[in-house]
Amino acid sequence: MSILEYNGGCVIGMQGKNCVAIASDLRFGEQLKTIATNFPKAFRLTNKTYIGLAGLATDIQTVYEKLKFRINLYNLREEREISATTLSNLVSHMLYERRFGPWFVEPIIVGLEGEDDRPFLSSFDLIGCQSTSHDFVVSGTRTLR
């Protein structure tokens, strides 16, 4: 069993014409045992950007809090809201900084870019390798049953 499967969970992001959507399950479990059904895995970061975090529950909370902190620093320093592309690079760098002791999360980012609200979708592995898509991104555990 992978440590990513310990708490389970799935996050999906998709795009439409000048819109994006993100969805996740709310289950918090320990392998096959369900502990709670109100554990969020998708979070709003800015007015036009959302992140979904699938993986180990403690690392989901840690990455989200550290990301909020870095976004606030960016907003103070740059005096503007962070774009989805810049946020994607920030997440990639955050994960790569911890490559030898990684957070066990697989993030996805969905957002709208620019004045014309172009959809933006990206996903990452544990060490920050970024993959962009033009239709949908998925992260989390799955089964073939």
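The points below go from the whole chain to single residues.

1. The structure is a predicted model. Its protein chain contains two helices and 10 strands. Followed along the sequence, these elements come in the pattern β-β-β-β-β-β-α-α-β-β-β-β. Overall dimensions. Along its principal axes, the C-alpha trace spans about 45 × 35 × 25 Å.

2. Of the 145 residues in the protein chain, 38% are buried. Among contacts with a separation of 6 or more, 55% are made by residues 24 or more positions apart.

3. Surface and charge. The protein chain exposes about 8500 Å², and carbon and sulfur atoms supply 53% of this area. There are 16 positive and 16 negative side chains in the chain. The centres of these two sets lie 4 Å apart.

4. Cysteines. How many disulfides does the structure hold? The number is zero. A disulfide is a covalent bond between the sulfur atoms of two cysteines. For cysteine 19, the closest cysteine sulfur belongs to cysteine 10 and is 20 Å away, which is too far for a bond because a disulfide requires sulfur atoms within 2.5 Å. Cysteine 129 is likewise in no disulfide, as the nearest cysteine sulfur, again that of cysteine 10, is 19 Å away. Cysteine 19 is partly exposed, with a relative accessible area of 37%.

5. Asparagine 18. This residue is found in the loop between strand E1 (10-16) and strand E2 (19-24). The phi angle of asparagine 18 is near 55°, a positive value in a residue other than glycine. Is asparagine 18 buried, exposed or partly exposed? Asparagine 18 is partly exposed, and its relative accessible area is 45%.

6. Glutamine 31. A positive phi value also occurs at glutamine 31, a residue other than glycine, where the angle is near 60°. Glutamine 31 lies in the loop between strand E3 (28-30) and strand E4 (33-36). With a relative accessible area of 43%, glutamine 31 is partly exposed. Leucine 73 is 42 residues from glutamine 31 along the chain, and the C-alpha atoms of the two are separated by 37 Å.

7. Arginine 77. In which helix does arginine 77 lie? Arginine 77 belongs to helix H1, which covers residues 57-78. The relative accessible area of arginine 77 is 62%, so the residue counts as exposed, the cut-off being over 50%. Arginine 77 and glycine 128 are 51 residues apart in sequence, and their C-alpha atoms are 24 Å apart in space.

Terms used. Residues numbered from 1 in each chain as written. Predicted model: local features only at pLDDT ≥ 70, side-chain atom pairs only at ≥ 80, totals over all residues. Heavy atoms only, no water. Helix = DSSP H or I, 4+ residues; strand = E, 2+ residues; numbered from the N terminus. Buried < 20%, exposed > 50% of the residue type's maximum accessible area, 1.4 Å probe, protein only. Contact = heavy atoms within 4.5 Å. Areas by Shrake-Rupley, 256 points an atom, 1.4 Å probe, with all protein chains shown as cover. Lys, Arg positive; Asp, Glu negative; His and termini not counted. Charge placed at Lys NZ, Arg CZ, Asp CG, Glu CD.
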